[in-house]
Structure formats: structure tokens, C-alpha cells
Amino acid sequence: MSGNADATLCDMTLHELHDMLLSGQVSSREITSDVLARIDEVEASVGAYVTRDRETALKGADAADEVIARARRDRDTGAIGALVGIPVVLKDNVCTRGMRTTCCSKMLEDFIPTYDAAVTARLREAGAVIVGKGNMDEFAMGSTTQTSVFHVTRNPWDLERVPGGSSGGCAAAVAAGEAVASIGTDTGGSIRQPASFCGVVGLKPTYGRVSRYGVVAFASSLDTVGPITRDVRDCAIMLKAIAGRDGRDSTSAPDAVPDYSSCVERGVQGLRIGIPEQFFGPGMTDGVRTAVERALRALEDAGADIVEVSLPLAEHALAVYYLVATAEASSNMARLDGIRYGYRPEGRGGMDVADLMSASRGQGFGMEVKRRIMLGTFVLSSGNFDAFYGRALRSRRLLAEDVRRALTECDCLVSPTAPTVAFRFDEEPDDPLAMYLQDIYTTLANLAGVPAISVPCGLADGMPVGLQIMGRMFDEATLIRAGRAVELTSGMDAARPKVGGCAK
């Protein structure tokens, strides 16, 4: 990264590589080849990818080089977009025309879309080079990237630890230098938590800021699509490229998309940063608490005003989230029945429709997906709907009002991204409820629809700690501004993953 003289091309930031492409110091083919070489070097250890397309990636790089060469001949380098020639990886629930999109499930193991998701199309139009698809928890249901049907992804900082989830493959790929940037999805923390665990930047935009068209649904009122990058400036560039109105997504917002890069260096002088008392009680480890408190002092030294705020209903956010999310998952997963498409079991001769659907779903879905479908079906069932789902929706509205009220007292809210650093595989709790507590700080932003970013703020036990910053709806600019200030004071410049990766 910046200031690292020993960094190879695949370890550099998006904006650094863009500058080098503009000046002719390097070609997209050289950058892409370096990324592919890093994948060959470390992928057996990390397991960040489920699909790679070397040939298409190199063709894309050559096409980008032609665009750059033509612009240079015409002395019009300003026409070269920031993503032209930059290798990226997409989470495996984002549809890619001609490249399989499996959601890391046996149910969709052989699914090859005939169209691009909106975010995929925008990246292609921007000139990005799509290298492949990142590993993930099956159908984005998980916090460790261990529920993938293909393989486990390991944390580049320590291969004995989880990378987080569900976008763990994308976060690990960026941290290890196996991609320059990536696109993940976030339903309850699935961009921010793995970003925190892997020491990279992850942003969940405002609900509706980025189109969900072509992204396989988990919980439709909570799902968002956003970038995972090496620094905040790269995050601003990626968000600008993928954000904006899309008529194919009825929830896509018409709000104008600002130039987020112009906000990066504005600093935090006079910014009011709220500290919710409910997020700083018992539950987080001492190392996480120390790193977060150090970051808050640094923000105050940089000119921010630190104020205490209250989110009195925040303790209910996790319960509300798991009722809403599982109910919507149950509904969305109903289309995967082995009849229209999806996995069909062997030896199905003589099965009637009911038996075929039962066998297809029983064999095609993993245990965590089945657990959430069953919980969601129970929540939506006759006699339980009002008691559980209806009450959860009413509670969700109150939680959103809590967040909006707090954000009238300050410009943004700060908390840890996760209560712990990445844990070891042999430390993983057996109780699913204990695992769900990893989302204790992140689900509130999804329930309220507000944007949130995770930025590395230090180390604990040699592992990265993420600071979460939540803001007002469609005010990602303030998060980028504050996130950059955290980045400048985090002391992470010399920190480096053990496997590949880059110092910040």
C-alpha cells in the first residue's frame, strides 16, 4: 500500500494503480497477471475463490489497455475512469453472465446466469477486470464462511482463524492481494464483519443506494450491496461506480450520487460523533475495547466532538433481525424447489412432486440454511405471524426511529464492528445463538436502512479490529470522511497479513 516500497502491484491500492496506469508506468495486463500470480501462490492456503476465469480476466485487461492507449494517444487521460483495468472479485451471489453463480450451495452448484447483475454491469462499463467469484457462507447465511458447500476460507492474518462472513472470501481476497477490490453483500453485517476480521474497509450503503437487481435474495428488506477495499479512498471510488437509480429494482432510490472521493480528505474538524452507551457495555473483549477507545481519542484529537447518545431499544435489534431475516429467507428460498431450477437428486424416478421437492431441498440446502428456513417458516405460520413477525416489524420501526433520533444529536454513530477479533476455527461456538451474537453491533444499520462502514482501527492479539461508523440515510459521504480520519490515526501502516496482502 501507500508508503510501502516493497509492495508488489497486487498489494497496492486501486487509486495508486490508477495513477500508474495513467502515467504509463504499468499496464492492466501486468496488474492482472500479478494478481493471478498471487492467487496461484496463496489460494491453496486461503481459499478465497470458488470460481476463477484467468482467460477472460486477461482479455479484459487487454481491452482496458487498449482504452488507456487510445486515451493517451488522444491526450484525453481524463476520460480514463478510476476502475479501468483494475482486477476485482465479486461475491458468489452476484450474477455474472456466462460465469457460474452458486451462492456456494449444492442447490445452485451448476447455475450459470444468462445476464449480469446491475452492479456487475456497472463494473464492466467502468472498465473493471472481473477475476472471479469469492467464497461465501451458503446463501449468505453465516458469519465465518464455513457453511460454503465448496471449502473453508481462512483468514490471511492467521490461517487458523476464520475470515468472518458471509462475504469472507471477498474480504480475504483483498487482504491477501488476490484482488485489488471486491463487491460483497450485507444483510446483517456480512460486509462489515469480515472486513473487520481481515483488516480491510467494508461499506454497507443506505438501503436503495445500490441496485439489488441480479443479486440472489436472502432477506429482501435488509439486503444491500457494497464494496470491500484496502482503504477508504478505494471504497469511495467503488461506491461511486456502483451506486445510483436502477429501474429494474423497485427499491432503488432516485437520489443523486455525489462524488465521494471529494469527501475523503475533509477531516473531522467540528464533526459530532455519537457514542451509544448500549454498544459499550459488557460483551466486547478487552483488546477490542482498547483499540476502539484509542481510535475515539484520536478522532477527538483531530477535531471531532465526541458526544454520548442513547439507543434505548438497541438490545432488541438482534432478536428483531433474526425474526425478520429468517421470515424473508423462508419466503425467498421457496422458489428453490428442484422443479423449475436448482438441484435435483439422483434416482428420482417414481417420485411425485412433493417427494421431489422434499428430496431436492433436503439434499440441496446445508444445515444453516435449513435452520433459518425452518425458523422463518415457523415465524410466518398461522397463529405465529402476529406474535412474532408482526411484532418484529413494529419493533423494527421503533428501532429505526431510535437511530434517526440519535442522529439528530450527532453526525454519525461509532461502535466496534464486532465484539471480538477473528476467532480460531477450534474456538467456534457450537451453539448457533452464540454465533449469531457476532452480529450484535451490525444488524441495527440494516434494520434502520442507514449506511455503515467498518475501518481498521488497530490490532488486538495481533489481529485487526474494526471500528464501525453509522450515518444518516444517503450520507455515506460523512462515513467516508470519518473513516479516512480513523485510517490516518489507526497505526495500521506497518501491519501486514501473514499470507500475501499489503501494509496500509
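Two strands are taken to pair if DSSP finds at least two bridges between them, and the strands themselves (E, at least two residues), like the helices (H or I, at least four residues), are DSSP runs numbered from the N terminus. The model shown is predicted, so that local features need pLDDT of at least 70 and side-chain atom pairs count only at pLDDT 80 or more, whereas totals for chains, interfaces and linings use all residues. Residues are numbered from 1 along each chain as its sequence is written, and side-chain values use heavy atoms, with hydrogens and water left out.

**View 1. The hairpin of β10 and β11.** Strand β10 (residues 452-460) pairs with β11 in the antiparallel sense over eight bridges, and A460 has M463 in β11 as its bridge partner. Two residues lie between the strands of this hairpin, where D461 takes a positive phi near 55°.

**View 2. Strand β11 and its pairing with β9.** Because nine of the nine residues of β11 (residues 463-471) are buried, this strand is largely enclosed by the rest of the structure; buried here means under 20% relative accessible area, against over 50% for exposed and in between for partly exposed (1.4 Å probe, protein chains only). Strand β9 (residues 412-416) runs antiparallel to β11 and is joined to it by five bridges. Within this pairing, L413 stands opposite M470, while V414 has I469 as its bridge partner.

View 3. Eleven strands form an open sheet with mixed pairing, in the order β1-β3-β2-β4-β6-β5-β10-β11-β9-β7-β8. Its edge strands, β1 (49-52) and β8 (305-309), each pair on one side only, and the twist averages 30° from one strand to the next. Helix α2 (residues 28-46) packs on the sheet, where it touches β1, β2 (87-91) and β3 (129-134), and its direction makes about 135° with that of β1. Helix α3 (residues 54-73) lies across β1 and β3 and runs at about 150° to β3. Contact means heavy atoms within 4.5 Å, and angles run from 0 to 180 degrees between N-to-C directions, with axes fitted as lines to C-alpha atoms, for helices over the stretch in contact.

View 4. A search of the whole structure finds zero disulfides, a disulfide being a pair of cysteine sulfur atoms within 2.5 Å. For C170, the nearest cysteine sulfur is that of C104, 9.4 Å away, and C170 counts as buried at 0% relative accessibility. For C457, the nearest cysteine sulfur is that of C412, 14 Å away, and C457 is likewise buried, with a relative accessible area of 2%.
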